[in-house]
Amino acid sequence: MKIRFTLFTFCLILQINNVAGQVPGYLGKRLFVNAYATAMPALKLPTASNGGLGRNYGEAENRFDISTRFGGQIGYVTSRKNALTFSGEFFKTGLIYNAVTPSLTPTAGFNAYDNHYLFYNLNGITADIGYQVYSLSRGALAPMGRYFSYHLSYTILNGSVVDKRTELYDDNMKTHAKFGINPKYGTASIGLEWGLNSIFADRFLVNVAFNTNLSLGAMSQGSFSYESSPSDFDDDYIASNQANFNKKVAERMLYHALFSLKIGIGLLP
Amino acid sequence: MKKILLSTLALLLILLLGCSKYEVQYEGAYDDNAGIDVKTNSKDHQIIYVESGKLYAIDPTLSDVRPYANLPAGIVYASINYEHDKIAYKTATGNITIIDTAGTQLSTIASTSNVTLFDWHPNNQTVYYMSGYVLKFHGPTVKTASINFGGFFPTQSDNKFLGITIREDGTYVCMIQYLASTYQRNILVSSLSGNVTQYRLGNISNEVKWFRSALNSNYVYFGGIENNKLTSFQSPVGIEYRDASLNNTYFIAPSPDGLYEIKAFDTELLVNIKNETYRKKVLGTKITALDW
């Protein structure tokens, strides 16, 4: 009896070791690729087409529009419950910005300024690294099932003026000074994602998730409750324009990616 | 499979919604290269300063510095006329030299090697300067009040003119110093008929280093008295001591219209309107002359 019990216990331990040593991944497939889009209604600031339910450029009225991002992800399962992901994203959004330049009228006083009401389109490219943790208690097995992930990303935004309304100090002047703005801005972000991966036919993957991203550049800018004006000119006007532009872009980046729903389809090659 | 189909449709919908085009409302797309670069097409270089013995001109946006490289080293004093087309400068031991704003020498004023006070008359052509305590002129004749300055020095010890500015109507504001057990300093304001009003400043420990006025000359700035406190004089209001935070301001000059002022604060140049800084430029060292 004692020998039988010892043999049973030994077999049980062997079995447990065998379970723990199971090859990670879905049917041993560790790699997964995924194309996705994220979407969220534009509630505060305009989209690239000047839509949204918050502030809009010019005479445009509020209309429903969504802030989107499109991307691709490649993931690698590192253990039964963990996976590492690398993503690349691109997006486009709108930015309202007021630039101020000194009047070029030779006889103008020193406090003579031209005001420029601008609408930018910002093109953003993001590189992201994520770490997914799958919930084994709910029957998940990376990359299948419910997961929670941490993200660190870096975004480069590049703007171009798509519309402009200039109010010259002197209407006889046919031109104005350069804004002097370098329309490139880069910022790191940290993010969290809650998602569900479903696998079909042992090969196809569908991803539905909710994510949130916090732009660190926006956090470092402090308050956004300002408008550019000559009283900001504690240095030269170009430096002031640039600093205010960076603030506005950081703010736009923050609200564009703060919350979003994500839908993706992918493969387990 | 149904989930894949629905997800694909959702992706396509997002793609369609996210790609609508902006409709232009005003002037349309703009490339900033089409604007004028203020730094290379700046307004007049109306402000001059002397830093490390070299003369520089700068525009009111403080963005475009123009050094006068062809001038001798060791310049200490400089003044630009109200029209901003002529500059008078002087080294410590040389005579006053007049140049145009391109740097071409126009003339020198003989026997002025000991002069430390000089400026442009509002006619933009005549330089006036103090030789001892005699007021002299170089250039077209100007109308001035005829004053015997000697009568304003009750003692004959350490008599000195500390600053003078001549106004457009020929009257002037000046500051004198004399020693009567302690140093006394008075501001003299003349009328055209030669009557002089004196403002007694009393015993003041520091030197007056500069004296600048706007073209209309109702407002005169000077400083270097009472621990470098920035001071202005407005006739007939009198002496006005400025905010103590400006104590380290060691030069100030009003714009010709009197609306703005440029000041040197430590190693910074600041353009102010009503004490609010609008432009700032950081220099290497403290300057020795400033004018607008």
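User: In what order do the elements of chain A run from the N terminus on?

Analyst: The model is a predicted one. From the N terminus on, the elements of chain A follow the order α-β-β-β-β-β-β-β-α-α-β. The secondary structure of this chain comes to three helices and eight strands.

User: What confidence does the predictor give to the complex, and what to chain B?

Analyst: The complex receives an ipTM of 0.83 and a pTM of 0.57. For chain B, the average pLDDT is 79, and 74% of the residues score at least 70.

User: What span does helix α3 of chain A have, and what span is expected?

Analyst: Helix α3 of chain A, residues 237–257, has 21 residues. The distance from its first C-alpha to its last is 30 Å, which is close to the 30 Å expected at 1.5 Å a residue.

User: Why is α3(A) described as largely enclosed by the rest of the structure?

Analyst: The criterion for a buried residue is a relative accessible area under 20%. In α3(A), 17 of the 21 residues are buried, and the helix is therefore largely enclosed by the rest of the structure. For chain A as a whole, 51% of the 269 residues count as buried.

User: What share of the contacts in chain A joins residues at least 24 apart?

Analyst: Among contacts between residues at least 6 apart in sequence, the share is 74%.

User: How many cavities does the structure hold, and what space lies in the largest?

Analyst: There are five cavities of 30 Å³ or more. The largest cavity contains about 150 Å³ of space.

User: Which residues lie nearest the centre of the largest cavity, and which elements supply its lining?

Analyst: The lining consists of 21 residues, of which R69(A), E89(A), D128(A), N211(A) and N213(A) lie nearest the centre. Strands β2 through β7 of chain A and helix α3 of chain A each supply at least two lining residues. The largest share, four residues, comes from β6(A).

User: What makes up the lining of the largest cavity by class?

Analyst: The lining has 11 polar residues, five nonpolar and five charged.

User: Which peptide bond of chain A is cis, and where is its proline placed?

Analyst: The cis bond joins A142(A) and P143(A), with omega at about 5°. P143(A) is placed in the loop between β4 and β5 of chain A.

User: Why does S52(B) count as exposed?

Analyst: The cut-off for exposed is over 50%. S52(B) has a relative accessibility of 56%, so it counts as exposed. This serine lies in the loop between β1 and β2 of chain B.

User: Is S255(B) buried or exposed?

Analyst: The relative accessibility of S255(B) is 2%, so S255(B) counts as buried, the criterion being under 20%. S255(B) is placed in the loop between β19 and β20 of chain B. S255(B) and Q46(B) are 209 residues apart in sequence, yet 8.7 Å apart in space, C-alpha to C-alpha.

Notes: Residues numbered from 1 in each chain as written. Chains lettered and ligands numbered in written order. Predicted model: local features only at pLDDT ≥ 70, side-chain atom pairs only at ≥ 80, totals over all residues. Heavy atoms only, no water. Expected span 1.5 Å × (residues − 1). Buried < 20%, exposed > 50% of the residue type's maximum accessible area, 1.4 Å probe, protein only. pLDDT = per-residue confidence, 0-100. 1 Å grid on protein atoms, 1.4 Å probe; cavity = no way out; pocket = protein on both sides within 12 Å on 5 of 7 lines; lining within 4 Å. Points joined across faces, edges and corners; volume = space filled by probe spheres on them. Nonpolar A, V, L, I, M, F, W, Y, C, P; charged D, E, K, R; others polar. Contact = heavy atoms within 4.5 Å.
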